[in-house]
Amino acid sequence: MVDDGRTAKEIFAEVLANPGRARFGFGRKLAVVNVDLQRAYTDIRAFRTAYETDPDQIAHVNRLSVAARSAGMPVVWTRVGYRPDGADAGVWGTRTNTPDSLQNITVGSERHAFDPRCDVRPQDLEFTKRMPSAFFETPLRSWLQWHGVDTVVVTGGSTSGCVRATAVDALSHGFRTIVPIETCADKHASFHYASLTDLALKYADVVPVAEVIAWLEAQRDRSPD
């Protein structure tokens, strides 16, 4: 194991700057999967569980989602939530039991609500999940397959938690996987950058959000064959 004193952010910058870094690339059709952009994790003034990396994160997500819809490609929004007694949280909900605990995010509560800054549209797919990955026991995989999607773009939070879990599962299900840097957030820089590094080296293309938007705009503007 290498232990050379570099920060997680420094290592990520080095990985990103490598011109020989191989990519999975874009396929024919992508879906944007926005993971858990709900008040419990985004409203830093109201909830102790919330966090912020880039203050423009949700604005980036909205621009990306608009570009996807304009190119005829689907957008998905997930959030985590449980029944009032938290009994459907499984073992994940057993470590603590405080008002801030995971299993106490009740469906329909303020903590469960999407951040009001999120531009969720009627044609988008929305669902509540109960485990880290947006794929686990949800309709996501079959919905993506029905829509002919071969590439999944994952945004949201936390980078080290539900974003990473969703990205790993996307790859495992056979989708090209892309994580736009500015669209993800975490509680600490070390968690955030270490996870982006791990994703970039193994499971996903980790790229600036502008690159994904540019690709989508090119698909929208492409002349019919």
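Mentor: Leaving aside residues up to four places away in sequence, Val209 touches His60, Leu64, Pro180, Glu182 and Thr183. Please keep in mind that the model is predicted. Val209 has its place in helix 7, and with a relative accessibility of 4% it counts as buried, because the limit for that class is under 20%. To give a sense of distance, the C-alpha atom of Val209 is separated by 26 Å from that of Met131, a residue 78 places away along the chain.

Two packed helices are described by the angle between their axes and the distance between the axes. Here the axes of helix 3 and helix 7, the latter spanning residues 209-221, come within 8 Å and cross at roughly 20°. Since angles under 35 degrees count as roughly parallel, helix 3 is roughly parallel to helix 7. The crossing in which helix 3 passes helix 7 is left-handed. Sorted by class, the contact between helix 3 and helix 7 has seven nonpolar, two polar and two charged residues.

Helix 3, which covers residues 57-70, also holds Arg69, and the side chain of Arg69 meets that of Asp124 in a salt bridge with an N to O distance of 2.7 Å. This pair links distant parts of the chain, for Asp124 lies in the loop between strand 2 and strand 3, 55 residues away from Arg69. Both partners are buried, Asp124 with a relative accessible area of 8% and Arg69 with 15%.

Side chains of opposite charge can pair when their charged atoms come close. A search of the whole structure finds 16 salt bridges, and one of them joins Glu110 to Arg39, with the closest N and O atoms 3.8 Å apart. Glu110 lies in the loop between strand 2 (75-80) and strand 3 (125-129), while Arg39 belongs to helix 2 (residues 39-42), so this pair ties together parts that are 71 residues apart in sequence. Glu110 is exposed at 53% relative accessibility, whereas Arg39 is buried at 18%.

Lys202 is partly exposed, with a relative accessible area of 47%, and Asp198 counts as buried at 15%.

Helix 6 is also one of the elements against which the buried residues of helix 5 pack, and the others include strand 1 (30-35), strand 3 and strand 4 (151-157). Those buried residues of helix 5 (residues 159-172) are Thr159, Cys162, Val163, Thr166, Ala167, Val168 and Ala170. After helix 5 comes Gly174, whose phi is positive, near 95°.

Definitions and conventions
Residues numbered from 1 in each chain as written. Predicted model: local features only at pLDDT ≥ 70, side-chain atom pairs only at ≥ 80, totals over all residues. Heavy atoms only, no water. Salt bridge = Lys/Arg side-chain N within 4 Å of Asp/Glu carboxyl O. Helix = DSSP H or I, 4+ residues; strand = E, 2+ residues; numbered from the N terminus. Buried < 20%, exposed > 50% of the residue type's maximum accessible area, 1.4 Å probe, protein only. Contact = heavy atoms within 4.5 Å. Axes fitted to C-alpha atoms, helices over the stretch in contact; angles between N-to-C directions. Parallel < 35°, antiparallel > 145°, perpendicular 65-115°, else oblique. Left-handed = near helix turned anticlockwise from the far one by under 90°. Nonpolar A, V, L, I, M, F, W, Y, C, P; charged D, E, K, R; others polar.
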